[in-house]
Every structure is written in structure tokens, then in C-alpha cells.
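Here are some notes from going through the model, put down as numbered points. Have it open while you read.

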Amino acid sequence: MSLSLARSRGYRGWIATSSGNAGMAMAAYGARAGLPGFICLAGSVPPEKSLPLMAFGSGAVTVVRVQGAGRPEVDGHMFDQVRDAAQRHKLFLGVTLHAFNAEGMRGIDTIAYELAEQVPAATHVYVSVGGGGLLVAVARGLDRRGLQPRMIACQSSGCAPVVRYLDGAVAAVEVERSTTSISALQLPRPPDGDLAAGAVERSHGWGTAIDDAAILAAQRWLASAEGVFVEPAAAATVAALLADAEHGRLGPDARPVVILTGGGWKDLGRFSDDASRMQMIDVDTVSRRVEDWVGRTTSD
């Protein structure tokens, strides 16, 4: 949506901030549209999110890391500079937030259109909240299709401004700092936080905060149980659903849906320790090791 708007309106290129996901999509569609781009990545972005951007080449996209991004004072200054640069150089402002790119964010409404077709009986929709734009767009899209499930805002307890506001713990949708290690959820002052909180309240939903350990455990569980490998920020919805079910927040007739965005390969560094424990065996022992494995799995 953003690149279609940029191309049709004659922009010379585009500029965006990103934790990695939106940046990769903008780079790909920008290359296809023939529009060069400039991306500011948070300094804490995992390498798996930045390395694929290199494939597009400096001619299609220029990528820089912004030191300190994730702290409110740094983020505010960065957004101001990016917005000013967009205006001065006729660049489309492709930040995936309603506060900066309301028209482009309408593209995300289509997630809700798919839900309306596939699971119209959904009673709860769990959405990860970083900047808040995803939840706002999904709620809007569902409303346009005449559906009003409860919207559940899912955040890490290390950075949960929307959840804490909904719980009445803070007077504004902001916290002093982020301590979570989950990329894409590290926004203490989410630009679309007020809109996200409002969408949750109108749907009579709630917010659920889960610690990082539970989110990472949910990521592994989803992969082993369902074969769906998502990045930790996406797994926050699964962790929140499990927590809500355990605490009795969902009735027996509930039909919840979890939104999973972001592939697990975008944060593979978390599995380095597992890979380091992989055994090296002699070729002559392969048959015996398979027999041992079959014996263990059969007994289990």
C-alpha cells in the first residue's frame, strides 16, 4: 500500500524506521516499484533482520543502525529527523504507524478481511503490540466487516505501556524504559499507543503482559507442536493466550485467534547455544544411533 501510494504520487523514494520486518517488506516492494529507500534500524535489531536487507543492494536501499533507539528520548528525535527528511526531499514516509503513515497502514486492514472470511465466529483476537499500529488496523478492518471480537493487546512485561494503561497502573500510555529483549516490542512510548488502547476498550477487550521467558517458551512450543516457527514478538500472542486460559479469562465457548507476524528465522541467534550442543558422530555409527533414537521414541 505504501509503495503504491509513493509511486502513484510521484515521490522520488521513501524513508522509514523499522525493527526489521517492515523494513524488509519496504525494501522488496521498493525495489519492484523502482523507488530507492533509506531505513533507520534500531541498534538492538538482531542480525538476522538486518542481513537480508543487504541482498537488495545500496542502489535499492540504504540501511543504517541508530544507536540508542528504543529509548523514548532517542526515538522521538529519530522520528522527528526522519519526518523532516521526508518533507525536505519528497520521500514517502513509510513508518508503519498511523501517527506517521495513516494511509499506508490501511493495507494492514486486509488481515482482518481474511479473518472475517475464515473465522467469522472468532470471539477474541490476540495481537502483539509494539508501536500499536497492527492492533489498530486489525480492529478497524474487523469493524468494517461488521465483526466485533474482543481485542487483546499482548506485550512483554518488560515494556507494557498499553497493558499497564488498560489495567489502570499508569495515567498515560507510556513507561519510563524498556527492559525486554524481544525485538519489535521495545517501545516505551508507542506512537499509536492511545489508538491501540482505545480500540481495545471499545471492543471490551483487555491487555495481557507476559515475561520474556514465557514468550520464548511459547515460541519453541508452537514450533514443536504445530510446525509454525515465528519470531518472539509474534509468539507473544501465544504466550498471552496460554496465560489467559490458565487464569480463567476465557470461557468454555471462547474461540480465540492469534495473529502471528514475523518468521522465526529473523531472530535465530537465540538458538546458538542449542546448535553448539549438536553432536558430531562417526559415519560408521549412524545406523546404531538411528536404532537408539527409534528405541527412545517408541518407548516414549
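What should the 12 residues of helix α7 span, and how far apart are its end C-alpha atoms? The points below start there; keep in mind that this is a predicted model.

1. **Length of α7.** Helix α7 runs over residues 133–144. At 1.5 Å a residue, its 12 residues should span 16 Å, and the end C-alpha atoms are 17 Å apart, which agrees.

2. **Burial of α7.** This helix is mostly covered, with 9 of its 12 residues buried. The buried set takes in Gly 133, Leu 134, Leu 135, Val 136, Ala 137, Val 138 and Ala 139, then Gly 141 and Leu 142. What do they pack against? The partners are α5 (98–101), α6 (109–118), β5 (124–128), β6 (150–156) and α9 (193–202). Just after the helix, Gly 146 has a positive phi of about 75 degrees.

3. **The second largest pocket.** Of its 14 lining residues, Ala 139, Asp 143, Ala 199, Arg 202 and Ser 203 are the closest to the centre. Both α7 and α9 supply at least two residues of the lining, and α7 gives the largest share, 5 residues. By type, the lining splits into 8 nonpolar, 3 polar and 3 charged residues.

4. **β6 and β7.** How do these two strands pair? They run in the parallel sense, over 5 bridges. In this pairing, Gln 155 stands opposite Ala 209 of β7. Strand β7, residues 206–210, is mostly covered too, as 4 of its 5 residues are buried. As for β6, the buried residues of α7 pack against it.

5. **Two backbone angles to look at.** Most residues other than glycine have a negative phi. Lys 90 is not a glycine, yet its phi is positive at about 55 degrees. Lys 90 is in the loop between α4 (72–89) and β4 (91–93), and it counts as partly exposed because its relative accessibility is 45%. Ala 184 also has a positive phi, near 85 degrees. Ala 184 belongs to the loop between α8 (161–166) and α9. With a relative accessible area of 23%, Ala 184 is partly exposed, since buried means under 20%.

Key. Residues are numbered from 1 along each chain as its sequence is written. This is a predicted model: local features need pLDDT of at least 70, side-chain atom pairs count only at pLDDT 80 or more; totals for chains, interfaces and linings use all residues. Side-chain values use heavy atoms; hydrogens and water are left out. The expected span of a helix is 1.5 Å times one less than its number of residues. Buried means under 20% relative accessible area, exposed over 50%, partly exposed in between (1.4 Å probe, protein chains only). Contact means heavy atoms within 4.5 Å. On a 1 Å grid over the protein atoms alone, a cavity is a set of points where a 1.4 Å probe fits but cannot get out, and a pocket is an open set with protein on both sides within 12 Å along at least five of seven lines; lining residues have an atom within 4 Å of a point. Ala, Val, Leu, Ile, Met, Phe, Trp, Tyr, Cys and Pro count as nonpolar, Asp, Glu, Lys and Arg as charged, and the others, Gly among them, as polar. Two strands pair if DSSP finds at least two bridges between them.
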